[in-house]
Amino acid sequence: MLSTVSERKHQAIARAALTLFASDGYERTSVDAIAAEAGVSKRTVYSHYGDKETLFLSVVRDTYEAMLARIGEIVGRVAWERDLRSALICCMTEVTRSVIRSPERSTLVRLLMAEAPHFPDLIELLHARQITPLVAAPLENLAAAGRLAGQDGRQAAEHLMALTFGQVSNRSLMGTVPLSDDEAGQIVQSGVHAFLRAYSPAIIAATA
(Lines give C-alpha, C1' and ligand atoms only; values in the text may rest on other atoms or scores of the structure.)
Protein backbone atom coordinates (compact mmCIF):
# COMPACT_ATOMS: atom_id res chain seq x y z
CA MET A 1 0.00 0.00 0.00
CA LEU A 2 1.32 3.46 -0.93
CA SER A 3 2.30 5.89 1.82
CA THR A 4 0.62 9.30 1.95
CA VAL A 5 3.61 10.99 0.28
CA SER A 6 3.90 8.25 -2.30
CA GLU A 7 0.17 8.44 -3.03
CA ARG A 8 0.40 12.20 -3.57
CA LYS A 9 3.24 11.67 -6.02
CA HIS A 10 1.29 8.90 -7.75
CA GLN A 11 -1.70 11.20 -8.22
CA ALA A 12 0.48 14.10 -9.35
CA ILE A 13 2.10 11.91 -12.00
CA ALA A 14 -1.30 10.69 -13.20
CA ARG A 15 -2.68 14.25 -13.46
CA ALA A 16 0.40 15.48 -15.28
CA ALA A 17 0.39 12.54 -17.67
CA LEU A 18 -3.30 12.93 -18.52
CA THR A 19 -2.84 16.65 -19.20
CA LEU A 20 0.21 16.20 -21.41
CA PHE A 21 -1.06 13.15 -23.27
CA ALA A 22 -4.23 15.08 -24.10
CA SER A 23 -2.45 18.25 -25.21
CA ASP A 24 0.61 16.80 -26.97
CA GLY A 25 -0.36 13.23 -27.85
CA TYR A 26 1.23 10.00 -26.73
CA GLU A 27 4.26 10.03 -29.03
CA ARG A 28 5.25 13.63 -28.38
CA THR A 29 4.87 13.38 -24.61
CA SER A 30 8.11 12.41 -22.90
CA VAL A 31 8.57 10.94 -19.45
CA ASP A 32 10.88 13.89 -18.72
CA ALA A 33 8.02 16.31 -19.45
CA ILE A 34 5.62 14.32 -17.28
CA ALA A 35 8.10 14.29 -14.41
CA ALA A 36 8.66 18.04 -14.69
CA GLU A 37 4.91 18.73 -14.82
CA ALA A 38 4.33 16.51 -11.77
CA GLY A 39 7.26 17.98 -9.83
CA VAL A 40 8.97 14.62 -9.38
CA SER A 41 12.05 12.93 -10.77
CA LYS A 42 12.01 10.80 -13.90
CA ARG A 43 13.07 7.87 -11.74
CA THR A 44 9.98 8.36 -9.57
CA VAL A 45 7.74 8.14 -12.63
CA TYR A 46 9.34 4.86 -13.63
CA SER A 47 9.16 3.48 -10.10
CA HIS A 48 5.39 4.09 -10.01
CA TYR A 49 4.45 3.02 -13.53
CA GLY A 50 7.33 1.13 -15.10
CA ASP A 51 7.19 2.68 -18.58
CA LYS A 52 5.34 5.29 -20.61
CA GLU A 53 2.88 2.86 -22.21
CA THR A 54 1.84 1.44 -18.84
CA LEU A 55 1.45 4.97 -17.51
CA PHE A 56 -0.73 5.95 -20.47
CA LEU A 57 -3.01 2.93 -20.19
CA SER A 58 -3.24 3.30 -16.42
CA VAL A 59 -4.27 6.95 -16.40
CA VAL A 60 -6.84 6.43 -19.16
CA ARG A 61 -8.28 3.38 -17.40
CA ASP A 62 -8.36 5.03 -13.97
CA THR A 63 -9.95 8.22 -15.32
CA TYR A 64 -12.59 6.24 -17.17
CA GLU A 65 -13.30 4.03 -14.16
CA ALA A 66 -13.70 7.08 -11.92
CA MET A 67 -16.28 8.50 -14.34
CA LEU A 68 -18.17 5.20 -14.36
CA ALA A 69 -18.07 5.08 -10.55
CA ARG A 70 -19.72 8.51 -10.37
CA ILE A 71 -22.45 7.36 -12.75
CA GLY A 72 -22.98 4.17 -10.76
CA GLU A 73 -23.40 6.26 -7.62
CA ILE A 74 -26.00 8.46 -9.35
CA VAL A 75 -27.98 5.48 -10.64
CA GLY A 76 -27.81 3.82 -7.23
CA ARG A 77 -29.42 6.68 -5.31
CA VAL A 78 -32.32 7.40 -7.68
CA ALA A 79 -35.69 6.67 -6.06
CA TRP A 80 -36.84 4.18 -8.70
CA GLU A 81 -39.81 3.06 -6.60
CA ARG A 82 -41.49 6.45 -7.00
CA ASP A 83 -42.92 8.18 -10.09
CA LEU A 84 -41.15 6.50 -13.02
CA ARG A 85 -41.04 9.53 -15.29
CA SER A 86 -39.54 11.68 -12.55
CA ALA A 87 -37.03 8.96 -11.64
CA LEU A 88 -35.86 8.61 -15.24
CA ILE A 89 -35.56 12.37 -15.71
CA CYS A 90 -33.67 12.71 -12.42
CA CYS A 91 -31.28 9.90 -13.29
CA MET A 92 -30.52 10.95 -16.86
CA THR A 93 -30.24 14.64 -15.96
CA GLU A 94 -27.63 13.87 -13.31
CA VAL A 95 -25.76 11.39 -15.50
CA THR A 96 -25.71 13.84 -18.39
CA ARG A 97 -24.51 16.73 -16.26
CA SER A 98 -21.86 14.62 -14.58
CA VAL A 99 -20.41 13.36 -17.86
CA ILE A 100 -20.81 16.39 -20.13
CA ARG A 101 -19.43 18.84 -17.56
CA SER A 102 -16.53 16.62 -16.57
CA PRO A 103 -13.24 18.03 -17.93
CA GLU A 104 -11.84 14.51 -17.81
CA ARG A 105 -14.50 13.34 -20.26
CA SER A 106 -13.43 15.70 -23.05
CA THR A 107 -9.83 14.72 -22.35
CA LEU A 108 -10.72 11.04 -22.67
CA VAL A 109 -12.61 11.64 -25.90
CA ARG A 110 -9.61 13.37 -27.46
CA LEU A 111 -7.24 10.67 -26.30
CA LEU A 112 -9.41 7.81 -27.46
CA MET A 113 -9.98 9.34 -30.88
CA ALA A 114 -6.29 9.99 -31.37
CA GLU A 115 -4.70 6.96 -29.75
CA ALA A 116 -7.18 4.06 -29.75
CA PRO A 117 -6.01 2.74 -33.16
CA HIS A 118 -2.54 2.29 -31.67
CA PHE A 119 -3.72 0.77 -28.38
CA PRO A 120 -6.12 -2.17 -28.77
CA ASP A 121 -6.35 -2.36 -24.98
CA LEU A 122 -8.29 0.90 -25.02
CA ILE A 123 -10.91 -0.59 -27.32
CA GLU A 124 -11.19 -3.63 -25.04
CA LEU A 125 -11.62 -1.29 -22.08
CA LEU A 126 -14.54 0.49 -23.71
CA HIS A 127 -16.20 -2.77 -24.65
CA ALA A 128 -15.71 -4.30 -21.22
CA ARG A 129 -16.84 -1.33 -19.11
CA GLN A 130 -19.63 0.92 -20.36
CA ILE A 131 -22.27 3.24 -18.97
CA THR A 132 -25.15 1.23 -20.46
CA PRO A 133 -25.03 -1.77 -18.05
CA LEU A 134 -25.18 0.62 -15.09
CA VAL A 135 -28.46 2.00 -16.39
CA ALA A 136 -29.71 -1.41 -17.57
CA ALA A 137 -29.86 -2.95 -14.08
CA PRO A 138 -32.68 -0.76 -12.67
CA LEU A 139 -34.56 -0.93 -15.99
CA GLU A 140 -34.53 -4.73 -15.77
CA ASN A 141 -35.95 -4.50 -12.25
CA LEU A 142 -38.65 -2.12 -13.47
CA ALA A 143 -39.55 -4.49 -16.31
CA ALA A 144 -39.69 -7.42 -13.89
CA ALA A 145 -42.09 -5.41 -11.73
CA GLY A 146 -44.30 -4.72 -14.74
CA ARG A 147 -43.53 -1.00 -14.84
CA LEU A 148 -41.74 -1.18 -18.19
CA ALA A 149 -42.42 -3.35 -21.22
CA GLY A 150 -39.82 -5.86 -22.41
CA GLN A 151 -37.15 -7.82 -20.57
CA ASP A 152 -33.99 -6.70 -22.39
CA GLY A 153 -32.66 -4.16 -19.95
CA ARG A 154 -29.53 -3.48 -21.95
CA GLN A 155 -31.45 -2.62 -25.11
CA ALA A 156 -33.82 -0.43 -23.11
CA ALA A 157 -30.83 1.33 -21.55
CA GLU A 158 -29.26 1.87 -24.97
CA HIS A 159 -32.49 3.47 -26.20
CA LEU A 160 -32.79 5.64 -23.09
CA MET A 161 -29.15 6.75 -23.33
CA ALA A 162 -29.49 7.53 -27.05
CA LEU A 163 -32.62 9.61 -26.49
CA THR A 164 -31.17 11.61 -23.58
CA PHE A 165 -27.42 11.59 -22.99
CA GLY A 166 -26.70 10.89 -26.66
CA GLN A 167 -28.79 13.84 -27.83
CA VAL A 168 -27.15 16.21 -25.35
CA SER A 169 -23.72 14.91 -26.32
CA ASN A 170 -24.45 15.44 -30.02
CA ARG A 171 -25.90 18.92 -29.47
CA SER A 172 -22.89 19.96 -27.39
CA LEU A 173 -20.39 18.32 -29.78
CA MET A 174 -19.27 15.92 -27.05
CA GLY A 175 -19.11 18.62 -24.43
CA THR A 176 -17.10 21.16 -26.43
CA VAL A 177 -20.05 23.55 -26.98
CA PRO A 178 -21.69 24.70 -23.73
CA LEU A 179 -25.39 23.97 -23.25
CA SER A 180 -27.49 25.66 -20.60
CA ASP A 181 -29.18 23.58 -17.93
CA ASP A 182 -32.52 24.50 -19.49
CA GLU A 183 -31.46 23.26 -22.93
CA ALA A 184 -30.04 20.01 -21.58
CA GLY A 185 -33.07 19.55 -19.33
CA GLN A 186 -35.50 19.94 -22.22
CA ILE A 187 -33.58 17.37 -24.25
CA VAL A 188 -33.60 14.90 -21.36
CA GLN A 189 -37.30 15.39 -20.65
CA SER A 190 -38.20 14.98 -24.32
CA GLY A 191 -36.05 11.86 -24.52
CA VAL A 192 -37.63 10.32 -21.42
CA HIS A 193 -41.09 11.07 -22.83
CA ALA A 194 -40.20 9.27 -26.09
CA PHE A 195 -38.70 6.38 -24.14
CA LEU A 196 -41.82 5.92 -22.03
CA ARG A 197 -44.00 6.07 -25.13
CA ALA A 198 -42.01 3.13 -26.49
CA TYR A 199 -41.71 1.15 -23.26
CA SER A 200 -45.00 1.81 -21.48
CA PRO A 201 -46.73 -1.53 -20.73
CA ALA A 202 -50.14 0.12 -21.19
CA ILE A 203 -49.29 1.41 -24.66
CA ILE A 204 -47.73 -1.90 -25.72
CA ALA A 205 -50.83 -3.77 -24.50
CA ALA A 206 -53.19 -1.39 -26.31
CA THR A 207 -51.41 -1.85 -29.65
CA ALA A 208 -50.94 -5.63 -29.35
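**Aromatic cluster**

Phe21, Tyr26, Phe56 and Phe119 are joined into a cluster by ring pairs. Bear in mind that this is a predicted model.

A pair of aromatic rings is described by how far apart the centres are and by the angle of the planes. With centres within 6.5 Å as the criterion, the count is six aromatic pairs. One of them is phenylalanine 21 with tyrosine 26: the centres are 5.7 Å apart and the planes are at 25 degrees, so this pair is stacked. The cut-off for stacked is under 30 degrees.

Buried or exposed, where does phenylalanine 21 fall? Phenylalanine 21 is buried, because its relative accessibility is 1%. Tyrosine 26 has a relative accessible area of 10% and is buried.

Tyrosine 26 also pairs with phenylalanine 119, and that pair is edge-to-face, with 4.9 Å centre to centre and 75 degrees between the planes. Which parts of the chain does this pair tie together? Tyrosine 26 sits in the loop between α1 (4-24) and α2 (31-38), while phenylalanine 119 sits in the loop between α6 (103-115) and α7 (120-128), so the parts tied together are 93 residues apart in sequence. Phenylalanine 119 counts as buried, at 8% relative accessibility.

Now the surface charge. Asp51, Glu53, Asp121 and Glu124 form a negative surface patch. Of these, I will pick out glutamate 53, which lies in helix α4 (residues 52-77). Glutamate 53 has 41% relative accessibility and therefore counts as partly exposed, since that class runs between 20% and 50%.

Technical notes
Residues numbered from 1 in each chain as written. Predicted model: local features only at pLDDT ≥ 70, side-chain atom pairs only at ≥ 80, totals over all residues. Heavy atoms only, no water. Patch = residues over 30% accessible without salt bridge, like charges linked within 9 Å, V, L, I, M, F, W, Y side chains within 5 Å. Areas by Shrake-Rupley, 256 points an atom, 1.4 Å probe, with all protein chains shown as cover. Salt bridge = Lys/Arg side-chain N within 4 Å of Asp/Glu carboxyl O. Lys, Arg positive; Asp, Glu negative; His and termini not counted. Charge placed at Lys NZ, Arg CZ, Asp CG, Glu CD. Helix = DSSP H or I, 4+ residues; strand = E, 2+ residues; numbered from the N terminus. Buried < 20%, exposed > 50% of the residue type's maximum accessible area, 1.4 Å probe, protein only. Phe/Tyr/Trp six-rings, centres within 6.5 Å; stacked < 30°, edge-to-face > 60°.
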